[in-house]
Amino acid sequence: MFLRWSYLPKLLPWLIRYLKNANASDTKRIAESIAGVTLDSLSEHQEIANGTGAEKWIAPSDYLYLYRDRSAFEADSFGWNIRAAHGLKWQELEDDAFKDYDPVFSPDIGFAVCMPDHGCITDPGQYVKDLAAHVERQGGGIIKAEAEDIVIENGNVTGVRASGETITCDDAVIATGVWSGPLARKLGVNVPLESERGYHVELWDPSFMPKTPVMIASGKFVATPMDGRLRLAGVVELGGLDAPPSREPFDLLLRHALAAMPGLTWARKTEWMGHRPATADSIPVIGAIPNAKGAYTAFGHHHIGLTAGPKTGRMLSQIITGANPNLDLSAYSPARFMR
Ligand SMILES: Cc1cc2nc3c(=O)[nH]c(=O)nc-3n(C[C@H](O)[C@H](O)[C@H](O)COP(=O)(O)OP(=O)(O)OC[C@H]3O[C@@H](n4cnc5c(N)ncnc54)[C@H](O)[C@@H]3O)c2cc1C
């Protein structure tokens, strides 16, 4: 984890609330909510993408956590006990069993946890573009503009102010990631929201790739085989929205990747930093805003926005249309930030 010290004074109010949740019982409570939007992710993605042109980017696969040895895995038992309590199944691959599974890794990695029934999106940008194209083909309209406010008349949403104009509507969802704070605040929802800055290095035309996505536990980042490139992504840097990317996290990703996959070469690399929208209680803010009929939130998905996107959309559409979501949604409600 990285911290830009100059940002600490601004960060403190969020950090204090965040750290209050950094204990065993709150972590278990938070995991319960995260499980609700992630555990059926593969089937939710398949369902939303089926027949849209986006389905070709979904690659069902195992997902592995890699450790130096069994004792390093056991040192992580707190998290694994929570996963087991939520029904996650895995197979433990030690030494030769792991080498037989995937021989591309350094002999220093002697233990892997292999979880079946996972998957990855081999080109997330194109996946979302293909879904958007499908929406347009079905008659949906996409307007690109900067939303400034949600217009409320007599307690009901009547429009969205965007780039100086008002777009009339009955329902509006605030889903602007880490930038959602000011829009939500105007409707009384005061979410402590920060950017967990994350880093990507994409290695194009690599000499080899792992056969599945792997979490390299020593560096806490994921190496994912994608369309034409190997993506290394992870790291948390607290430092706000405005500062340019730091150099060190990119170097750290590459260093750990080369240690895990010695001899890896590539034709070219791209690097970028992104903003994960992190609520202080680590639970996304999904649901209806009390006192503003027709206004909803769907943001705060920190590290799991792609994973939990389709489920979030389904939950929200059920809330908006009054269908029974068959799930207790109170933990996600924006009302928790209105007291
Ligand atoms: C390095 C890294 C690796 C990650 N890996 C994974 C992963 O493997 N799996 C996973 O599930 N998640 C991953 N994530 C997290 C995931 O990217 C986020 O959770 C997700 O992007 C959040 O989605 P969002 O739509 O809420 O916000 P965003 O993706 O940030 O989108 C918000 C959009 O709103 C727009 N916007 C902002 N303000 C306005 C406004 N006023 N008017 C109009 N538009 C506006 C922004 O321009 C932006 O396009 C990763 C993130 C990073 C940084």
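## Starting with one valine

Where is the place of valine 235? Valine 235 sits in strand β12, which covers residues 229-238. Strands here are DSSP runs of E with at least two residues, helices are runs of H or I with at least four residues, and both are numbered from the N terminus. Valine 235 has a positive phi of about 70 degrees, although it is not a glycine. It counts as buried because it has 23 C-beta neighbours inside 10 Å. The cut-offs are simple: a residue is buried if 20 or more other C-beta atoms lie within 10 Å of its own, exposed if 12 or fewer do, and partly exposed in between, with C-beta atoms placed from the backbone.

Residues are numbered from 1 along each chain, as its sequence is written. This is a predicted model, in which local features need pLDDT of at least 70, side-chain atom pairs count only at pLDDT 80 or more, and totals for chains, interfaces and linings use all residues.

Strands of a sheet pair through backbone hydrogen bonds, either parallel or antiparallel. Here, 3 strands form an open sheet in the order β8-β15-β14, with mixed pairing. The edge strands are β8 (172-174) and β14 (285-288), and each pairs on one side only. From one strand to the next, the twist averages 25 degrees.

Now look at each pairing. β8 and β15 pair in the parallel sense over 3 bridges, and alanine 172 has alanine 295 in β15 as its bridge partner. β14 and β15 pair in the antiparallel sense over 4 bridges. Across that pairing, glycine 287 has threonine 297 in β15 as its bridge partner, while isoleucine 286 stands opposite alanine 298 in β15. The hairpin of β14 and β15 has 6 residues between the strands, and asparagine 291 there takes a positive phi near 75 degrees.

How many residues of β15 are buried? The count is 5 of the 5, so β15 is largely enclosed by the rest of the structure. Both of its faces are covered: Ala295, Thr297 and Phe299 lie on one side, Tyr296 and Ala298 on the other, and all are buried.

## From β15 to helix α10

The loop between β15 (295-299) and α10 (305-321) holds histidine 302. Histidine 302 is not a glycine, yet it has a positive phi of about 25 degrees. It is buried because 21 other C-beta atoms lie within 10 Å.

Helix α10 has 17 residues and reaches 23 Å from its first C-alpha to its last, close to the 24 Å expected at 1.5 Å a residue. That expected span is 1.5 Å times one less than the number of residues. α10 bends by about 30 degrees at lysine 311, where the bend is the angle between axes fitted to the seven residues ending there and the seven starting there. Its buried residues include Thr307, Ala308, Gly309 and Pro310, along with Lys311, Met315 and Ile319.

## Around the ligand

The shell has 23 residues, and the closest are Gly177, Gly198, Gly274, Gly305 and Leu306. A residue is near a molecule or strand if its C-beta atom, placed from the backbone, lies within 6 Å of it.

β9 (193-204), β13 (268-279) and α10 each supply at least two residues of this shell. The largest share, 4 residues, comes from β13. The shell divides into 10 nonpolar, 11 polar and 2 charged residues. In this grouping, Ala, Val, Leu, Ile, Met, Phe, Trp, Tyr, Cys and Pro count as nonpolar, Asp, Glu, Lys and Arg as charged, and the others, Gly among them, as polar.

## A second sheet

Another set of 3 strands forms an open sheet in the order β5-β6-β7, with antiparallel pairing. β5 (147-153) and β7 (165-168) stand at the edges with a single partner strand each, so one side of each is left without a neighbour in the sheet. The twist averages 30 degrees from one strand to the next. Strand β6 (residues 156-162) is joined to β7 by 4 bridges, and alanine 162 has glutamate 165 in β7 as its bridge partner.

Note on methods: Pairing = 2+ DSSP bridges. Axes fitted to C-alpha atoms, helices over the stretch in contact; angles between N-to-C directions.
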